[in-house]
Amino acid sequence: MDLGGDDGPGVAAGRGQVALQRAALATDPLAQARAWSDLAVHARRHGHHPEALRISQTTLTTRQARHNPRYAALLHSRLAISHARTGNHPAAARALLAAQNAYDCIDPAEPAPRWLNFLTAAELHGLAAITHQAMGHLIDAETATTQALTLLEPQLRRSRAYCTVQLAELQLAQGNTNTATTTVATIDTTPISSQNNTARLTALRHTLTAA
């Protein structure tokens with residue numbers, strides 16, 4: 001799942017730029033694709049949404065994006081989030097549709113690059129949920145999060161915890177306090193190692209206790 005990291009923006013961006021430079025020097029298209037993808041994620045996670053938007057738009061024009069539907073699906077999904085967070089909701093909706101169309105073109109018999117193994121139907125729904133939430137479409141975001149949880153493999157405990165926290169946040173935002181409380185009670189906190197996700201869960205529990 002597209003989890004939030006704990007590195008500062010300078011550290012994260014610096015690592016991404018170094019990775020991109022090394023990939024370019026090695027003339028490795030897949031490594032370059034991964035580096036560009038990482039740069040977009042770092043920009044978005046640290047609130048630099050216009051920058052994340054520009055990176056995703058540029059990367060979608062590369063040969064790797066044009067010829068690899070799995071990579072294109074990921075880029076369109078992340079582009080949708082950036083459009084939503086910069087206020088362009090129609091473009092966000094179009095990007096979500098493009099992501100699903102690209103994902104539908106994936107040949108299941110063709111193995112994914114190792115770094116793209118995480119891009120499953122569950123991941124796609126999880127990214128769609130983030131987009132819907134950014135647009136204020138809380139019901140759609142809750143539906144997408146529920147779909148992601150349904151599709152997640154049982155062993156992906158950290159991703160399941162992340163999605164469950166997100167589901168409870170969405171339920172609370174819609175005024176469904178009792179439902180959110182029930183959802184929080186199901187969360188396995190063992191795999192939540194990210195400081196960001198731990199803070200979200202703590203804030204959620206505090207809000208529910210005060211409600």
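This is a predicted model: local features need pLDDT of at least 70, side-chain atom pairs count only at pLDDT 80 or more; totals for chains, interfaces and linings use all residues.
## How to read the model

Residues are numbered from 1 along each chain as its sequence is written.

## Confidence

The chain has a mean pLDDT (the predictor's confidence in each residue, from 0 to 100) of 83. A value of 70 or more is reached by 84% of the residues. Take care with residues 3-16 and residues 18-26: pLDDT stays under 50 over residues 3-16, and also over residues 18-26.

## The whole chain

You will find eleven helices and zero strands here; helices (H or I, at least four residues) and strands (E, at least two) are DSSP runs, numbered from the N terminus. Of the 211 residues in the chain, 44% are buried, meaning under 20% relative accessible area with a 1.4 Å probe, counting protein chains only.

## A look at helix 7

Helix 7 covers residues 121-134, which is 14 residues. Ten of these are buried, so helix 7 is largely enclosed by the rest of the structure. Among them are Glu123, Leu127, Ile130 and His132.

What covers these buried residues includes helix 5 (69-85), helix 6 (89-104), helix 8 (138-151) and helix 9 (157-173). Just after helix 7 comes Gly136, with a positive phi of about 85 degrees.

How values were computed. Side-chain values use heavy atoms; hydrogens and water are left out. Contact means heavy atoms within 4.5 Å. The expected span of a helix is 1.5 Å times one less than its number of residues. Buried means under 20% relative accessible area, exposed over 50%, partly exposed in between (1.4 Å probe, protein chains only).
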